[in-house]
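Good morning, and thank you for coming.

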Amino acid sequence: MNDARGGISVGMKLGFARLRGVSAPLSVVLACGAVFALSVLGRRAEPAGALDDLLAVPVFGLALPVLAYLVSERVCGGQRLDRGVDSVARHGADRRAAVLGLLLASAVSTALIAVLLTLTAVFTAHGAGSLLFDLRSSIGIALLGGAVYALWFGAASLLGKRGGGRKWALIADFILGAGNSALAAPCPRSHVRNLLGGEPVLEISQAHAWLALLAIGVVCVMLSATRTPE
Amino acid sequence: MNALSFEGVSHAELVSVSTAFTPGTHVVLGSERDGTHTLVQLAAGVAPPSAGHVQLNGVAPFTSAATRRAVGSLCANEALPHARTVSAALALALRARADARSVTSVLGAAGLTRLAARRTSELTARETRAIALALALSHPKPHLLALHEPLSLVDLVREEFILEALSAAADSGVIVLASASGLEDASRLGGEAHALDRGIWLDSAHARLPALRATLRVQTPDPRRLAARLSEVPDIQGVSWAGASELLVHGSNLERLAHSVVSNARAEAIQISALRQELPALDALSAARASMARPTAPTRPE
């Protein structure tokens, strides 16, 4: 148990260390800047629906998946998820626990990025409704959506020699996740869209969309853990 | 008792390597192209073998964290855990090893304290290897020390420190598996000699040096007179001038050669300031080995 805790902690430290530097914060600032610019334009065109449009497409539809992909790539050191912890595993860290630590670092970072993007959107494009309500509902989606996207790309990083599965996961999310058939069900995009008030997948309710997102996250963690040797 | 075994291991350069190591020092002679780097990587559990099994005390190191924790390793190309400074990277590695010692004590023992505050991105490849060597040698209770050419770092880490640490480990029941690309390094490391020749494992029986000509490098203030005297001695097959005040004296038996050189110099009252064996280059050895029959060595598949 201590070994596992130690491995998770080492993996987390490794993940956060890989995110240090100028480029990661710069990408987030640029994304927030773009969201701000789009919100100004959106408010001019249609003040009432500006926030919904902004959250549905630029924030959760485009910026979040792309930034989550970049975070995952960075946290894994451009490798497969399981080989991304080689530098600590060779000294005795439990590879599986370290991978969970990497996923945790990736999930926390992506969730925070999602919250930042959401706050930028809500504060700049907020319309006539209650600010508190908008904040509460959209931040919840940002936290869960961000974390699930990180776990989704993490599990996909177990495919391919150098984690090329990440790229395919991004493409699948964009293409399959945009639909509302059964093929869209495993993609985070489809459930995030449902939570934001968009078209549901397989007619499932918003309450079930939360559970579906949670299930995707749990399955991704389990896949990552079982497919990684100790 | 610790035991490291390779069973039908094929991976990168290695071809069907089957061998076992017991506690003590084992030196594997060969270059990186012969597969010494791969051998160390597999022993340390850095990579899984493509075919066959590598086991340390009955467990595959790649799939067991506890087994890897008991291994100190130095690979040909090293990368410290990702961190801003050497100190932070080493702290992460020590934490992974569940080692409570401080970074300062690990680097201090190897005389590398000056590198602690350096950024990892500013380290040269050799400095990174030196830090990895310090980390491996600082292991408190290793079962295996798998080191790729540790004596190639003597300009950064004191040779006495490396040899003493390896000797102490071997004496306390640790398997010390070190590679060397030169005979001089191999003889300084001592222990049982093995060799890898283009991925083919040659155990200690086959790794014996082939019967090459023995050569002595003799330093004397009067090389001309000594050469004239030695050229008449029947034990000596040839004498050549190596530049300045050095002679290369060739013969078939090293001991007889040394005896002849010393006794003839003494008879002529010629001073000898240095006398040492001139070891053949690894290429010359490989060529000599290739000409020898190798009945048990597997052949490389087409």
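How many helices and strands does the secondary structure of chain B come to? The count for chain B is 10 helices and 13 strands. Please bear in mind throughout that this is a predicted model.

Staying with chain B, 42% of its 302 residues count as buried. If we take the contacts in chain B with a separation of 6 or more, 69% of them are accounted for by residues 24 or more positions apart.

Next, the contact between the chains. Here 21 residues of chain A are in contact with 22 residues of chain B. On the side of chain A that touches chain B, the elements giving two or more residues are α1, residues 2-19, and α4, residues 86-89. The largest share of that side, 7 residues, comes from α1(A). By class, the residues on the chain A side divide into 9 charged, 7 nonpolar and 5 polar.

Finally, a helix pair within chain A. Helix α3, residues 50-75, packs with helix α6, residues 131-156, at an angle of about 30°, and their axes are 9 Å apart. Angles under 35 degrees count as roughly parallel, and α3(A) and α6(A) are therefore roughly parallel to each other. The crossing of α3(A) past α6(A) is right-handed. Among the residues making this contact are Leu51(A), Phe60(A) and Tyr69(A) of α3(A), and Gly145(A), Tyr149(A) and Phe153(A) of α6(A). In total, the contact of α3(A) with α6(A) has 11 nonpolar, 5 polar and 1 charged residues.

Terms used: Residues numbered from 1 in each chain as written. Chains lettered and ligands numbered in written order. Predicted model: local features only at pLDDT ≥ 70, side-chain atom pairs only at ≥ 80, totals over all residues. Axes fitted to C-alpha atoms, helices over the stretch in contact; angles between N-to-C directions. Helix = DSSP H or I, 4+ residues; strand = E, 2+ residues; numbered from the N terminus. Parallel < 35°, antiparallel > 145°, perpendicular 65-115°, else oblique. Left-handed = near helix turned anticlockwise from the far one by under 90°. Contact = placed C-beta atoms within 7 Å. Nonpolar A, V, L, I, M, F, W, Y, C, P; charged D, E, K, R; others polar. Buried ≥ 20, exposed ≤ 12 C-beta atoms within 10 Å, placed from the backbone.
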